[in-house]
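These are my notes from an afternoon of looking things up in one protein model. I wrote each entry as I went along.

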Amino acid sequence: MPIWLRLLLIGIIMFSAFSFVWFLFGSTAYFQRGMDIIGTTYLLGAGVPVLLFAVVFTILLIKGWTPTSGVDYVGICVGVGLSILLSAVLIQSVNTHGWANEKIRSDALKISADGKYEYRVDLINLFQRNGYARLYLKNVSTGEETYISTEIQVRKIKTLAVGEVNHWIKLEPTENKSHYILITTKELGIPEERFEIDIATRTSRKLE
């Protein structure tokens with residue numbers, strides 16, 4: 001086998017392996033969730049062929065195959081071209097449909113009953129093992145923004161209807177000016193939960 005062909009095949013195999021592993025990481029959120037329909041489509045349409053090309057090229061390397069005719073050269077060029085194209089498709093699919101950053105779903109921005117805060121709940125990486133929820137607050141007077149992590153049981157959410165306007169929580173004031181009660185609504189799709197929010201310490205405590 002010519003040295004140029006050996007180096008070419010080694011490069012293509014490494015690129016194919018990288019693109020496939022990158023695709024798996026991206027489409028499963030670093031294995032934090034199952035692959036969705038879009039990811040499965042890319043897996044069958046591009047991922048499997050990329051692996052097949054990599055296996056064929058590996059076999060050719062091991063056997064030291066050398067092209068002996070124009071047809072052989074055309075075949076290897078077509079195989080290399082398709083492998084590069086499909087590998088690029090896998091990488092691009094991660095950039096478009098996968099994720100490396102947090103995915104955030106938020107309900108509508110509301111005003112607390114005492115008019116002091118704008119608030120909403122952010123659901124981070126919903127339907128993933130690393131999912132969690134946080135409360136967003138904005139002081140109406142000062143414009144100061146605060147995020148407070150909560151123990152809302154997001155893993156119990158199986159489906160979630162997301163419309164133009166959503167009301168997943170309510171925030172009610174208490175006699176203590178820095179304490180509020182966060183209450184989840186039926187729209188969140190889980191049994192009602194109540195949390196005491198301490199804005200001064202930026203903490204949340206679940207109420208029984």
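Domains. I began with the division of the protein, in a model that is predicted. I found domain 1 at 3–93 and domain 2 at 104–207. I then looked up the distance between the centres of domain 1 and domain 2, taken over C-alpha atoms, and noted 45 Å.

Aromatic pairs. How many aromatic pairs does a search of the whole structure find? I wrote down five. I took tryptophan 4 and tyrosine 73 as one entry: their ring centres are 6.4 Å apart and their planes are at 10 degrees, so I filed the pair as stacked. The cut-off for stacked is planes under 30 degrees apart. Next I checked where the two residues lie. Tryptophan 4 is in helix α1 (residues 3–27) and tyrosine 73 is in helix α3 (residues 70–97), so this pair ties together parts that are 69 residues apart in sequence. Tryptophan 4 has a relative accessible area of 45% and is partly exposed. Tyrosine 73, at 37% relative accessibility, also counts as partly exposed.

Another pair. I turned to tyrosine 117 and tyrosine 180, and asked what angle lies between the planes. I noted 85 degrees, with 5.6 Å centre to centre, and the pair is edge-to-face. Tyrosine 117 belongs to strand β3 (residues 117–124) and tyrosine 180 to strand β7 (residues 179–184), so parts that are 63 residues apart in sequence are tied together by this pair. Are these residues buried or exposed? Tyrosine 117 counts as buried at 13% relative accessibility. Tyrosine 180 is buried too, with a relative accessible area of 1%. The cut-off for buried is under 20%.

A charge over a ring. I looked at tyrosine 136 and found arginine 120 over its face, at 4.2 Å from the ring centre.

A hairpin. I followed strand β4 (residues 132–139) to its pairing with β5, which is antiparallel and runs over six bridges. Opposite leucine 135 I found isoleucine 148 in β5. The hairpin of β4 and β5 has five residues between the strands, and in this hairpin glycine 143 takes a positive phi near 80 degrees.

Two faces. In a regular strand, side chains alternate between the two faces of the sheet. I listed both faces of strand β5 (residues 145–150). Thr146, Ile148 and Thr150 make up the covered face. Glu145, Tyr147 and Ser149 make up the uncovered one.

Terms used:
Residues are numbered from 1 along each chain as its sequence is written. This is a predicted model: local features need pLDDT of at least 70, side-chain atom pairs count only at pLDDT 80 or more; totals for chains, interfaces and linings use all residues. Side-chain values use heavy atoms; hydrogens and water are left out. Rings of Phe, Tyr and Trp (its six-membered ring) pair if their centres lie within 6.5 Å; planes under 30 degrees apart count as stacked, over 60 as edge-to-face and the rest as tilted. Helices (H or I, at least four residues) and strands (E, at least two) are DSSP runs, numbered from the N terminus. Buried means under 20% relative accessible area, exposed over 50%, partly exposed in between (1.4 Å probe, protein chains only). A charge sits over a ring if NZ of Lys or CZ of Arg is within 6 Å of the ring centre and within 35 degrees of the ring normal. Domain bounds come from an automatic or database domain assignment. Two strands pair if DSSP finds at least two bridges between them.
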